[in-house]
Protein chains: 2
Amino acid sequence: MLVTTSAAPSERPERQRDAERTRAELLAVATRVFAEDGYSGARVDEIAEQTRTTKRMIYYYFGGKEQLYLSVLDHAYRGIRQAEQALDVGHLDPVEAVRRLAELTYDHHVSHPEFIRLVSIENIHRGEFIKRLDGLRTSAAPAVTVLDDVLARGRAAGEFREDVDALDVHLVISSYCVFQVANRHTFGFLFGRDLGAPENRDHLRTMIGDVVVGWLTG
Amino acid sequence: MLVTTSAAPSERPERQRDAERTRAELLAVATRVFAEDGYSGARVDEIAEQTRTTKRMIYYYFGGKEQLYLSVLDHAYRGIRQAEQALDVGHLDPVEAVRRLAELTYDHHVSHPEFIRLVSIENIHRGEFIKRLDGLRTSAAPAVTVLDDVLARGRAAGEFREDVDALDVHLVISSYCVFQVANRHTFGFLFGRDLGAPENRDHLRTMIGDVVVGWLTG
DNA sequence: CGACTAATGTACTGGACAGTACATTAACTT
DNA sequence: AAGTTAATGTACTGTCCAGTACATTAGTCG
């Protein structure tokens, strides 16, 4: 018997050692744990425990807790950028396009709470880590580019007010959608409305569309 | 000589020991440090260092780090509630009243970043601490009560849409204003617009007014 | 096969940090 | 003035935790 473990031999023979997989697994688990507990709250030992490897590997592949967190941040933001590039509202008329963008952003945020938590955590730390990720700064967020196009069309058609730019709209939409996830707990406790409850989704999604359209066409 | 220290005798003789002052000082410093570093990041020793007393007193007056943090949260929220009660827009017509409320909220948030940081921190912890402060839940936020009145007037005058309640409006305004402060760092880094810069204040303040009025009257 | 290196595991260390034991002093009471 | 208690200070402890020294094994290449 050459194969000792797996019953179903894969194309490449089952490896007991796989640098890429170990690295990727550490990154995935670290993302979860950092999002869960924050930077100070996260424990290197806890991250290691949830993988099939040991703490030693964090230092081998990343260098330390801090560099691991930096990798997590970088990876998370790149993932979001990629998702944003899939946004396509070119076929809709401007008013419907901004409504759709707002609603898609809402859905996207609601389904990626882990990312929002990382953003919050990073802001608690005054962005001291993200500022070191030069790679993220260079490329503007795709979401803003898309908005820019829609706004230009809307203004040209005389449907939108003129004193609002893409970043303004992005700010309003982001604020709303991030808040849904980031402040769910205090808001829910203080006002008795659970922003995460499925039965509130439709109302909350429609609302941001109404807000943006009402504002731009007001 | 009966008075050993002070040169200027006050009405009540200068006390070397003053429970109230010690407690208050600890609370004030703790508020700053917790807001600065988060719950896990804050150090009991650091808090004590910044007062004229010692760590020992934290345990004497509050019981421990956790109870100190609870007191900080409670105190901060009560302060905000009190500030909200000063809101008075009864003399304005509904449209101007909501605009004013939105802009006042903006100013208030921008000038209380420490509070916003505490809220963010609490949400990172999934509200596990604030949920234990029963006293906060009971009284609804004054801001919502005020909004409720203005909306009623606006709907009666046929100026506002009917499908929006006070909490909806509060959510939209809060989202925007909290985001300004809470996500300043990542937003500024990623999009190159500093939400905290004084030269952006007027634009950002006006914008939330426009958003809410446009939405409600759309 | 044997040598070499990349990858992994184990067991430990040094410092940080929340919390405490114990002593002491200031103010109040009678 | 003496006794009592509230308030405060000092010095310590036990634990947690990021990081590391050192050993070992798996895969690769000649």
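This is a predicted model: local features need pLDDT of at least 70, side-chain atom pairs count only at pLDDT 80 or more; totals for chains, interfaces and linings use all residues.

Entry 1, annotated stretches. I started with residues 43-62 of chain A, where the chain is 65% helix and 0% strand and the end C-alpha atoms are 15 Å apart. Helices here are DSSP runs of H or I with at least four residues, strands are runs of E with at least two, and both are numbered from the N terminus. UniProt lists residues 43-62 of chain A under "DNA-binding region", in an unreviewed entry. UniProt positions are given in the numbering used here, feature names are shortened, and annotations may be inferred rather than shown by experiment. Over residues 20-80 of chain A I read 84% helix and 0% strand, with the end C-alpha atoms 22 Å apart.

Residues are numbered from 1 along each chain as its sequence is written, while chains are lettered from A and ligands numbered from 1 in the order in which they are written.

I found 21 residues around DNA strand C, the closest being Ala19(A), Thr53(A), Val44(B), Gly64(B) and Lys65(B); near means a C-beta atom, placed from the backbone, within 6 Å. The elements giving two or more residues to this surface are α1 (19-41) and α3 (55-61) of chain A, and α2 (44-49), α3 (55-61) and α4 (65-84) of chain B. I sorted the surface by class and got 5 nonpolar, 5 polar and 11 charged residues. Ala, Val, Leu, Ile, Met, Phe, Trp, Tyr, Cys and Pro count as nonpolar, Asp, Glu, Lys and Arg as charged, and the others, Gly among them, as polar.

Entry 4, DNA strand D. Here I found 22 residues, of which Val44(A), Gly64(A), Lys65(A), Ala19(B) and Thr53(B) come nearest. α3(B) gives the largest share of this surface, 4 residues. The classes are 5 nonpolar, 5 polar and 12 charged residues.

I laid chain A on chain B with a turn of 180° and a shift of 0.0 Å along the axis, and the RMSD came to 0.0 Å. The two copies are thus related as by a two-fold rotation axis. The superposition is by least squares on C-alpha atoms of residues with pLDDT of at least 70 in both copies.

Which element gives the most to the side of chain A that touches chain B? I looked up the contacts (C-beta atoms, placed from the backbone, within 7 Å): 41 residues of chain A meet 41 residues of chain B. α9(A) gives the most to that side of chain A, with 9 residues. By class I noted 19 nonpolar, 14 polar and 8 charged residues there. 100% of the interface residues of chain A are also interface residues in chain B, so the copies meet through the same surface.

Methods
Two residues are in contact if their C-beta atoms, placed from the backbone, lie within 7 Å.
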